[in-house]
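Hi everyone, thanks for coming. Let me put the structure up on the screen, and then I'll walk you through it.

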Amino acid sequence: MRRTGVATLLGSVLVTAACAAPRTTTPSPIAEPAPLPRTSAPATTTPATSTPPPAPPCAVTTGACVSLAQRLAWLLRDGRVVRGPVPAGFGPPDQATPAGSFHVVWKDREHRSSVYGTDMPNSVFFAAGGIAFHAGPLDAPSHGCVHLTDTDSAAFFDGLNAGDAVQVL
């Protein structure tokens, strides 16, 4: 019986020692992870190679700005860019999108051209001859209108009101 008691006592000491020994291979599931070494700049800094988007080249503070040279458009409200720059498509040289200062005349969410028989979703008319911002393919020429993506044309439709300024440079 004495042997059994010594073996039990020895077994208890070994089990207690094993459970009390510090673990070096498996961390505690509630322990905080060790911080990772930094290999790059913090996420809050801007890499030196990124460039800010181009600022609108127009004097418009509320309305729309279009750069023919950059093929971009901006929607502005109270001097702040609220959308843009966004890609834009234009008319070819023989049906060029007119440059100048204009004002939004009227809008039609589901317009269809009576001249060309084509749909012009989200139309915002601003120049004589039916020139408007509207949804259209960016890689196909318009008949002088400013083509925007579906999403951008919806934003311009919602963001522009009759009388707002439009400048095309």
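Before we look at any residue, one term: buried means under 20% relative accessible area, exposed means over 50%, and partly exposed is in between, with a 1.4 Å probe and protein chains only. Please keep in mind that this is a predicted model, where local features need pLDDT of at least 70 and side-chain atom pairs count only at pLDDT 80 or more, while totals for chains, interfaces and linings use all residues. Residues are numbered from 1 along each chain as its sequence is written, and side-chain values use heavy atoms, with hydrogens and water left out.

Let's begin with the overview. The protein has two helices and nine strands; helices (H or I, at least four residues) and strands (E, at least two) are DSSP runs, numbered from the N terminus. Reading from the N terminus, the order is α-β-β-β-β-β-β-β-β-α-β. Of the 169 residues, 31% are buried. Contact, for me, means heavy atoms within 4.5 Å. Among contacts between residues at least 6 apart in sequence, 49% join residues at least 24 apart.

Now the cysteines. How many disulfides does the structure hold? There is one disulfide, a disulfide being a pair of cysteine sulfur atoms within 2.5 Å. Its partners are C58 and C65, with sulfur atoms 2.0 Å apart. The link of C58 and C65 is right-handed, with 75 degrees about the S-S bond. Are these two cysteines buried or exposed? Both C58 and C65 are buried. Elsewhere, C145 is buried too, at a relative accessible area of 7%.

Next, have a look at P56. You'll find P56 in the loop between α1 (2-20) and β1 (63-67). P56 has a relative accessible area of 23%, so it counts as partly exposed. Setting aside neighbours within four places in sequence, P56 touches C65, W74, L76 and V81.

Five of the five residues of β1 are buried, so the strand is largely enclosed by the rest of the structure. What does β1 pair with? Two strands pair, by the way, if DSSP finds at least two bridges between them. With strand β2 (residues 72-77), β1 pairs in the antiparallel sense over five bridges. The two form a hairpin with four residues between them, and R71 in the turn has a positive phi of about 60 degrees. With β9, the pairing of β1 is parallel, over four bridges.

Let's follow the chain to D164, in the loop between α2 (150-159) and β9 (165-168). D164 has a relative accessible area of 10%, so it is buried. What does the side chain of D164 make a polar contact with? The partner is the side chain of R77, at 3.1 Å. A polar contact is a pair of N or O atoms within 3.5 Å; within protein, one must be able to donate a hydrogen and the other to accept it, and residues adjacent in sequence count only if both atoms are side-chain atoms. The backbone nitrogen of N161 also lies 2.9 Å from a polar atom of the D164 side chain. Beyond neighbours within four places in sequence, the contacts of D164 include T62, G63, F102 and H103.

Last stop, the aromatics. Searching the whole structure gives four aromatic pairs. Rings of Phe, Tyr and Trp (its six-membered ring) pair if their centres lie within 6.5 Å; planes under 30 degrees apart count as stacked, over 60 as edge-to-face and the rest as tilted. One of the pairs is W106 with F125, stacked, at 4.2 Å centre to centre and 10 degrees between the planes. W106 sits in strand β5 (residues 106-112) and F125 in strand β6 (residues 119-127), so this pair ties together parts that are 19 residues apart in sequence. W106 is partly exposed at 40% relative accessible area, whereas F125 is buried at 5%. Another pair, F133 with F156, is tilted, at 5.3 Å and 50 degrees. F133 and F156 are both buried, and together with F102 and F126 they form one aromatic cluster.
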